[in-house]
Amino acid sequence: MASEERQTADAIVNAFNTADINTLISLRTPNCMRIFQPDALQFAPQTNAQYRASLLAILQVFSSFKITVTDVIEGTSEFPARTDEQEGENAFTQKKKIIMYVNARGETPIGEYVNQYVWKMGFEAGGKRVNEWEEYVDVVSVECDNQILARLMKGRVWREVTFLG
């Protein structure tokens, strides 16, 4: 049987594929931030409210959208503990993590959208919700995607809520 963390990660994919934003946000802790990588993109992190607004804006332009998982790595990450968590110079914290390699494909009025992402998720105790989210974006596709989406959103909410930051 799949781990609780894997079930949560699969539920996130399903929420994307059914455009169920409420479920997608409910699978994240209230303080979970959407962090973009690589840093060179200079996209600001998003709170859940910002992420929701971004998703609502984007879904307006897609007639279809599907995430396909191509690979999954599941394990435990170990990193030095903060001094307020544990005492001792060799204290470490462990956290369950999942990395998903995903392809995104969608249809818009002006053509097909295709991109690749790597999602790195950390989970709260019990694995039912994500409390860390890093999203590695296919940098080559970003500029093209943003130009296409900007053309689609021209005169609408695009000026207020951008897709990636």
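Let's start with Glu135, which is buried at a relative accessible area of 3%; here buried means under 20% relative accessible area, exposed means over 50%, and partly exposed falls in between (1.4 Å probe, protein chains only). Glu135 forms a salt bridge with Arg34, with 2.9 Å between the closest N and O atoms. The term salt bridge stands for a side-chain nitrogen of Lys or Arg within 4 Å of a carboxyl oxygen of Asp or Glu. Arg34 is buried as well, with a relative accessible area of 4%.

Glu135 sits in strand β5 and Arg34 in strand β1 (residues 34-37), so this pair ties together parts that are 101 residues apart in sequence. Helices (H or I, at least four residues) and strands (E, at least two) are DSSP runs, numbered from the N terminus.

## About the model

This is a predicted model in which local features need pLDDT of at least 70 and side-chain atom pairs count only at pLDDT 80 or more, while totals for chains, interfaces and linings use all residues. Residues are numbered from 1 along each chain as its sequence is written, and side-chain values use heavy atoms, with hydrogens and water left out.

## Other salt bridges

By the rule above, the count comes to 9 salt bridges. One of them joins the side chains of Arg6 and Asp10, at 2.9 Å from N to O. These two residues are 4 residues apart in helix α1, so about one helical turn separates them. Arg6 is partly exposed at 25% relative accessible area, and Asp10 is partly exposed at 34%.

Glu124 and Arg129 also form a salt bridge, with their closest N and O atoms 3.1 Å apart. Glu124 is partly exposed at 22% relative accessibility, and Arg129 is partly exposed at 29%. Elsewhere, Lys95, Lys97 and Glu132 are linked in a network of salt bridges.

## The nonpolar core

In soluble globular proteins, nonpolar side chains tend to be buried together. A nonpolar core is a set of buried Ala, Val, Leu, Ile, Met, Phe, Trp, Tyr and Cys residues joined through side-chain atoms within 4.5 Å. The largest one here has 30 residues, and those with the most contacts inside it are Ile12, Phe16, Met100, Trp119, Met121 and Trp133. At least two residues of this core come from each of α1 (4-17), α2 (21-26), α3 (48-59), β3 (92-108), β4 (111-123) and β5 (130-137).

Which residues does Ile12 contact, leaving aside its neighbours within four places in sequence? Ile12 is in contact with Leu24, Leu27, Trp119, Met121, Val130 and Trp133, where contact means heavy atoms within 4.5 Å.
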